[in-house]
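Let's take a walk through this fold together. Have the viewer open and follow along.

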Amino acid sequence: MQHNSRLTARAQTLRKNMTKEERRLWYEYLNRYPYRFRRQVSFGNYILDFYCAAAKLAIELDGSQHYEPDTQKYDAQRTAYFDDMGVYVLRFSNLDVLQNLRGVCQAIDMEVTKRIR
């Protein structure tokens with residue numbers, strides 16, 4: 001992983017001020033997951049919502065702003081960067097987390113299992 005110490009303070013702030021969707025996914029699932037996930041992790045010039053180093057898997061939760069054209073372009077650039085680094089990015093909408101947490105958790109588990117093998 002390419003840690004960026006310039007982003008440490010920002011990542012710490014984001015950890016303290018998680019969205020309700022991030023809190024729900026973290027406290028109801030990821031913080032007890034058998035493989036360690038970290039939250040708000042700096043990686044290169046970006047901060048990932050959640051990252052599992054063992055699976056080289058990033059989880060990103062997208063609010064409504066992620067459906068704007070400029071943000072979609074930025075997200076595509078981020079995803080391409082992580083692909084180049086060998087990190088797979090799973091994206092879920094905030095609505096997915098609120099309305100279908102079980103499905104989100106199953107999708108995460110399936111991807112981790114696939115990538116760990």
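We'll start with the overall layout, then look at a hairpin and a helix.

Two bits of housekeeping: this is a predicted model, where local features need pLDDT of at least 70, side-chain atom pairs count only at pLDDT 80 or more, and totals for chains, interfaces and linings use all residues. Residues are numbered from 1 along each chain as its sequence is written, and side-chain values use heavy atoms, with hydrogens and water left out.

The protein chain has 5 helices and 4 strands (DSSP runs numbered from the N terminus: H or I of at least four residues for helices, E of at least two for strands). Reading from the N terminus, the order is α-α-β-β-β-α-β-α-α. Of its 117 residues, 43% are buried, meaning under 20% relative accessible area with a 1.4 Å probe, counting protein chains only.

Now find the hairpin made by β1 and β2, which has 2 residues between its strands. Strand β1 (residues 38–43) runs antiparallel to β2 (residues 46–52), and 5 bridges join them; strands count as paired if DSSP finds at least two bridges. R39 sits opposite F50 in β2, while G44 in the turn has a positive phi of about 60°.

Next, helix α3 (residues 69–84). D75, R78, Y81 and F82 are buried here. Looking down the axis of α3, the buried residues fall within an arc of 120° (taken from the directions from the axis to the C-beta atoms), so they line one face of the helix. Their cover includes β1, β2, β3 (57–62) and β4 (88–93). On the face turned away from that buried side are P69, K73 and D84, which are exposed (over 50% relative accessible area). After α3 comes G86, with a positive phi near 80°.

Definitions and conventions. Contact = heavy atoms within 4.5 Å.
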